[in-house]
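Keep the sequence and the structure open while reading.

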Amino acid sequence: MTDDYLARIGQLIRDARQHRGMTQSQLAEALGTSQSAVNRIERGNQNISLEMIARISEALDSEIVSLGYSGPMHLRVVGGRRLSGSIDVKTSKNACVALLCASLLNSGRTVLRRVARIEEVYRILEVLSSIGVRCRWINGGADLEIVPPAELDLDSIDQEAARRTRSIIMFLGPLLHRMDHFRIPYAGGCDLGTRTVEPHMSALRHFGLAVTATEGIYHADVEAGVAPKRPIVLTERGDTVTENALLAAARHEGATVIRNASSNYMVQDLCFFLEQLGVRVDGVGSTTLTVHGVPVIDTDVDYSPSEDPVEAMSLVAAAIVTESELTVRRVPAEFMEIELAVLEEMGLDFDRSAEYAADNGRTRLTDLTVRPSKLEAPIDKIHPMPFPGLNIDNVPFFAAIAASAQGQTLIHDWVYDNRAIYLTDLNRLGGRLQLLDPHRVLVEGPTRWRASEMMCPPALRPAVVVLLAMMAAEGTSVLRNVYVINRGYEDLAERLNEVGAQIETFRDI
């Protein structure tokens, strides 16, 4: 941008900020930057990206600032580059959204440290703000403060934001303690095929919740005095189902036993958070949880969610497919054990540091250094299992890894109806993947990746897999409409660029 345009944009930003009655410091806090940076922007003395203009526009609720900013975000990838150095794993997306929903249990002030600044989090924050919860970024935008009102205004819920995240379903557990009747929109999120919410309803009926669905809305009625009379047996060992049951049990006075519970990373983080709220949870890490609930939670709590094992797997896969030496720091060791064992069997050369504690004091972390390796296809098929098995969300990354290995690899993604289909998008980049049925893909390697221009798959993990293959392909690729990646990853392109990638964010203007 020219100096003249920078000055004009800066003046627009200043006028919009003053119209909103915000100080430069308040705007800086909303953006996660410094007051001096906002001052430079408003004076036209700092280059400003379209993405930053969009964030300022959102913070100021001003369409004027969004002039010239329209249409979806795309990525231009110059591939064939080696990565080097080190990169840190960010906090868990799935833990953060669960903790945001759990903040509704607490009448006091909740502070969450190093919350992932991703679209999925933003959607939940928009929903929370619309019903009266005060949410603000603090400490230079690193942390998040949540303070609920005495009474929630569910009639004003941001339905558009709610429908763009599946996490809205986890409002049911906390809300059933706060009101007898309420409505929330249908859950959204990735396009992964049919995903029934019946397991949620089955678990929450034990607490008196009855839900009817009409015209895109869940209508919830809560019968007072209903409490679990026997252990709750979940009909599927799902993460969000377990979390919803935990959230409902947290404010049920007495002991609630939850069987066939997920023991995955985000569930454990939620249990650790509930303990900070004064709720004792026995059996964390197992499939039987006993929750000793308390009827009233009114406490100021400060909690640090742990790092994301799926992002860690993404970064390890990036190093593998680009044949790079890269250190991935702050990897949740406990939730990567099977993945690392499979990669070792395939011939991956890597080192692990000594383990150390995450900021929550409970999760074990390690640093991984991955080196270029000659990989062989695994003897057995790649398939997910509930924790401590291979993580469901890490399965797609093995499509790109298997395509880099010698031989045939069968990937069986039995959980989701459509996700395996999206993995065949790698064929556009030179991959040789044969779809055997909606759940099974046969991958032939090694692959000579080639550049291509294509639309982003509508599911988060397959979309990142395509991006990783583009990073490995010689030449320039374009991945269009990457909103789904921004749902689950914070500044992924910029962070990969810091270790040697060449990825440019752009929009059609």
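Which residues does V294 touch, not counting residues up to four places away in sequence? They are A250, R251, H252, G278 and V279. The model is predicted, so every value here is computed from it.

**V294 in its loop**

V294 sits in the loop between β12 (288-293) and β13 (301-303). Its relative accessible area is 23%, so V294 is partly exposed. Its C-alpha lies 9.5 Å from that of A255, a residue 39 positions away in sequence.

**The chain as a whole**

The protein chain contains 18 helices and 23 strands. Its C-alpha atoms fill a box of roughly 65 × 60 × 45 Å along the principal axes. Does the radius of gyration agree or disagree with that of a compact globule? For 509 residues, such a globule would have a value near 23 Å; the chain has 23 Å, which agrees. Buried residues make up 55% of the 509 residues. Among contacts with a separation of 6 or more, 73% join residues 24 or more positions apart.

**Two helix pairs**

Two packed helices are described by the angle between their axes and the distance between the axes.

Take α2 (residues 24-31) and α3 (residues 35-42). Their axes come within 8 Å and cross at roughly 105°. That angle falls between 65 and 115 degrees, so α2 and α3 are roughly perpendicular to each other. From α2, the contact uses Q24, S25, L27, A28 and L31; from α3, it uses Q35, V38, N39 and E42. By class, the residues of this contact are four nonpolar, four polar and one charged.

Now take α5 (93-102) and α6 (residues 119-130). These helices pack at an angle of about 5°, with their axes 10 Å apart. The angle is under 35 degrees, so α5 and α6 count as roughly parallel to each other. K93, C96, V97 and L100 of α5 meet E120, V121, I124, L125 and L128 of α6. Seven residues of the contact of α5 with α6 are nonpolar and two are charged, with no polar residue.

**Two buried serines**

Is S92 buried or exposed? S92 has a relative accessible area of 0%, so it is buried. It is found in the loop between β2 (86-88) and α5. Its side chain reaches the backbone nitrogen of A95 at 2.9 Å. Beyond its neighbours within four places in sequence, S92 is in contact with Y265, S306, E307 and D308.

S324 is in the loop between α12 (309-321) and β14. With a relative accessible area of 1%, S324 is buried because the cut-off for buried is under 20%. Which backbone nitrogen does the side chain of S324 reach? It is the one of L83, at 2.7 Å. Leaving out residues up to four places away in sequence, S324 touches R82, L83, A319, V370, R371 and P372.

**Backbone exceptions**

Most residues other than glycine have a negative phi, and most peptide bonds are trans. The table lists sites that depart from this pattern.

| Site | Feature | Value |
|---|---|---|
| F387 and P388 | cis peptide bond | omega about 15° |
| G445 and P446 | cis peptide bond | omega about 0° |
| R114 | positive phi, not a glycine | phi about 50° |
| R330 | positive phi, not a glycine | phi about 65° |

Where do these sites lie? P388 is in the loop between β17 (364-371) and α14 (397-403). P446 is in the loop between β20 (440-445) and β21 (453-455). R114 is in the loop between β3 (110-112) and α6. At 29% relative accessibility, R114 counts as partly exposed. R330 lies in strand β14 (residues 326-332).

**Links between the parts**

Some elements turn up more than once. The loop with R114 runs between β3 and α6.

How values were computed. Residues numbered from 1 in each chain as written. Predicted model: local features only at pLDDT ≥ 70, side-chain atom pairs only at ≥ 80, totals over all residues. Heavy atoms only, no water. Helix = DSSP H or I, 4+ residues; strand = E, 2+ residues; numbered from the N terminus. Buried < 20%, exposed > 50% of the residue type's maximum accessible area, 1.4 Å probe, protein only. Polar contact = N/O pair within 3.5 Å; in protein donor to acceptor, adjacent residues only side chain to side chain. Contact = heavy atoms within 4.5 Å. Axes fitted to C-alpha atoms, helices over the stretch in contact; angles between N-to-C directions. Parallel < 35°, antiparallel > 145°, perpendicular 65-115°, else oblique. Nonpolar A, V, L, I, M, F, W, Y, C, P; charged D, E, K, R; others polar. Rg over C-alpha atoms; globule rule 2.2 N^0.38 Å.
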